[in-house]
Amino acid sequence: MNADAQINVNGIDQAEIIVSIPSYDGRYDLAKTVSVVDRGLSEFFSSRNSVIVNCDYSTNGATKDIFLGTETRIPKIYIGSQDSGGKGLVLRASLQKVIELNTSMFVIVEPDASNIQPSWIHKLLEPLEKNFQFVAPLYVHHKDEDLLNSMLIYPMTRSLYGWRIRKPVGGELALRRELVERMLEMDVWNQYVNSEGLAVCLSTLAMCFRQPMCQAFINQPRKTIRKEEPEFFSYFNDVVGTVFSLMEPLEKYWKRVKWSRPTAILGIGSEDAEPAEEIETDLDGLHERFLGGFRKYEEFWREVVSQSTYNKVQEIRNLDMNHFSFPAQTWTTILYDFAVAFRGKDDEYREHLIEALLPLFYGKALSYVRKTERMSVQQAEDAIETECVVFEENKPYLISRWEEN
Amino acid sequence: MAKILVVDDEEHIRLLYSEELSEEGYEVITADSGYKLLEKIEKEKPDLVILDIKMVDYNGLDLLQDIRAKFFDLPVILSTAYDTFKEDIKSIAADYYVVKSFDLTELKNKIAMALEAKYSQEE
């Protein structure tokens, strides 16, 4: 990454706290996020030396002007890269700043949450002061929100690495320096991590290192714009690619793990939680995308998954909307078979593989939304937990298939 | 031999758990309240805690929070008369929960799973 692209306005050479904010081509309200972070640090950590770092992977200079032009009490450092091509890569440059500035606490804040509050900064950093090494957020959420995380990323990371971090995909995360140092030494920084997969990667490494971890309860929903096609596929490709690709370098960690463990939940106060907004899910659209997958990937699926799983997928194909159900067992073995197929392949095959998984994910998402239609958030969470146990129970299947290949 | 700490203010539960879990080969120690529980854990170093949610003087979910903050990877199984506690977000910091019963099959399964999970991560 081009070091010339760094602007350290105040000549900062030491900071106890770094809050790192990624940005891209003026998307989202960066100035507002910077102001909220500034208020959070000033209000709750006024005795600490802090710095706000903007990790910009824009193709133009507009974002830099917005960041540097936003008035703050906390000093700022701009890290720009017009040739990196990825959020993860430029965020990693801010992880390096932890070493450079002798920082003890590091936070990533995404600028896409329209309702971010100064208290979020407090909730993320406070556990680090209590010697937790890694903090993931636990927002109030609608049961149909972020189905990629609920149906795929959470069950996979939980069954693989054995820790129940409900939101390993971020948006916000906090880490202590010791963990950052260990993470930077790992050989895991591939193309998926360097794009949108960094948060999943950091969460995964934290689980592997078995350091004190917790989830910070944020009693508000994280309001953001839902990703639609084609942006969604790009995101899907990066985060699923991250989970699959990390399985090779982290094999010695996940293969020994059985079942899963909870983490501490911090930040639960007496204040009432703000309810999440209603979400309307296009069930017909999910169904069409699932069925559309057969036209394009039917033969490929037959190559990747076992015969019994393939037969089950064909059965699901014939279910009408009122009876549509995608069993956890089938979904689990599909993901495990895809993870095994990903191993050791070239980039072209891997992209095709993840693309072929997308229609099946839509089918699983449809099944979950229908199943939980009349459920409370708590009941829907219980349903997700039950599915996660199926992932854990079937882990020996994954290990045996992994060892065959 | 794994050491299990049973925290429950009902004597018959402590006796039942002690007897049956000892027969399974576990070393069982007990506490009749949450009083100085963290000190007891520090001193006795149990491999797993079975924690009653509703004791006369203590809220098990609050105790669970305290345990997690200090002993982040100590397995804790919540023991409860009803499963309505799941509405409380604090409950997800438990490894498992069991509804109290004279048939301890489920409890024994959960103990085995929690210990297996812990030991597998320690290897």
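**Exercises: helix packing and contacts in a predicted model**

The crossing of helices H5(A) and H7(A) is right-handed. The model is predicted.

**Exercise 1.** Describe how H5(A) and H7(A) are oriented to each other.

*Solution.* Two packed helices are described by the angle between their axes and the distance between the axes. Step two: locate the helices. H5 spans residues 147-161 of chain A, and H7 spans residues 198-209 of chain A. Step three: read off the values. The angle is about 25°, and the axes lie 10 Å apart. Step four: apply the cut-off. Angles under 35 degrees count as roughly parallel. H5(A) and H7(A) are therefore roughly parallel to each other.

**Exercise 2.** Find which residues of H5(A) and H7(A) meet, and class them.

*Solution.* Start with H5(A): Ile153(A), Thr157(A) and Tyr161(A) take part. Their partners in H7(A) are Val200(A), Ser203(A), Thr204(A), Met207(A) and Cys208(A). Now sort by class. Five are nonpolar, three are polar and none is charged.

**Exercise 3.** Work out which element of domain 1 of chain A gives the largest share of the side that touches domain 2 of chain A.

*Solution.* Domain 1 covers 3-266 and domain 2 covers 283-404. Their centres, taken over C-alpha atoms, are 28 Å apart. Next, count the contact: domain 1 gives 21 residues and domain 2 gives 25 residues. Then list the elements of domain 1 that give two or more residues: H5 and helix H8 (231-246) of chain A. H5(A) has the largest share, with eight residues. Finally, class this side of domain 1: 11 nonpolar, five polar and five charged residues.

Methods:
Residues numbered from 1 in each chain as written. Chains lettered and ligands numbered in written order. Predicted model: local features only at pLDDT ≥ 70, side-chain atom pairs only at ≥ 80, totals over all residues. Axes fitted to C-alpha atoms, helices over the stretch in contact; angles between N-to-C directions. Helix = DSSP H or I, 4+ residues; strand = E, 2+ residues; numbered from the N terminus. Parallel < 35°, antiparallel > 145°, perpendicular 65-115°, else oblique. Left-handed = near helix turned anticlockwise from the far one by under 90°. Contact = placed C-beta atoms within 7 Å. Nonpolar A, V, L, I, M, F, W, Y, C, P; charged D, E, K, R; others polar. Domains from an automatic or database assignment.
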